[in-house]
Amino acid sequence: MSAGIDQQDIKREKILEASHQRFLHYGYSKTTMNEIAGDLSMSKALLYYYFPDKSELYIAVMRKLANDYLKLFEDKFNNITDLYDAFLFQVNTHHNFIVTNYNFFDFFRINEQNLPDTIWGIITQIREAETKLLISAINSEAEKGHIRPVENPADIVEVFLDALHGIKVGSMPQKKANFPRKEHLDEIHNKRLLLIDIFVKGLK
């Protein structure tokens, strides 16, 4: 029984990896279940046994990517060197994640006005991890006396993360679109690095 479960887990992981590569190179809209099954030398019926449709498969891959992203924050949590380092880590990690997986996120561009609740749940998990890291960094630096005491670190972090989002939208010619074009990513990143300087100096 255990061996059977292990084999199913292995096959599921292979499906997720092959699907990620497909979505990464061709995007959600130009990927079909037939192509994924072909990449795996698997029947379409067997693929549907594991994932009933393409959107559920996409969400499963998204969850896997999010778990890898969250792991980076868990590993960093006990290795915060200073406040600037924590803010820089958040901005750089987020930027690298988007750049590396840009084509994968065409699902967001297609459905940005109507993302499934499951996707919003994953986004919320990511924001909570980022918030936890930055709050911890502020509290740690305040305890060391490196910055002045802060009564509301959670509010400060919320403003910072909202400001990051505002920079993203502000750099785009069409204000109604939430997901940036690839050619805007470096400009957005540079503005976010500037925002770190403003925030960290403001806390000292």
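The count of salt bridges here comes to 7. A salt bridge means a side-chain nitrogen of Lys or Arg within 4 Å of a carboxyl oxygen of Asp or Glu. The model is predicted: local features need pLDDT of at least 70, side-chain atom pairs count only at pLDDT 80 or more, and totals for chains, interfaces and linings use all residues. Residues are numbered from 1 along each chain as its sequence is written, and side-chain values use heavy atoms, with hydrogens and water left out.

Start with Glu35 and Arg22. They form a salt bridge, and their closest N and O atoms are 3.9 Å apart. This pair links distant parts of the chain: Arg22 sits in helix H1 (residues 2-26), Glu35 in helix H2 (residues 33-39), 13 residues apart. Helices (H or I, at least four residues) are DSSP runs, numbered from the N terminus. Arg22 counts as buried, at 15% relative accessibility. Glu35 is partly exposed, with a relative accessible area of 29%. Buried means under 20% relative accessible area, exposed over 50%, and partly exposed in between (1.4 Å probe, protein chains only).

Next comes Asp85. Its salt-bridge partner is Lys76, and the closest N and O atoms lie 2.8 Å apart. Both Asp85 and Lys76 are buried.

Now move to helix H9 (residues 185-203). Glu187 forms a salt bridge with Lys191, with 3.2 Å between the closest N and O atoms. The two are 4 residues apart in this helix, so about one helical turn separates them. Glu187 is partly exposed, at 34% relative accessible area. Lys191 is partly exposed too, at 38%. Elsewhere, salt bridges that share partners join Arg22, Glu35 and Asp39 into one network.
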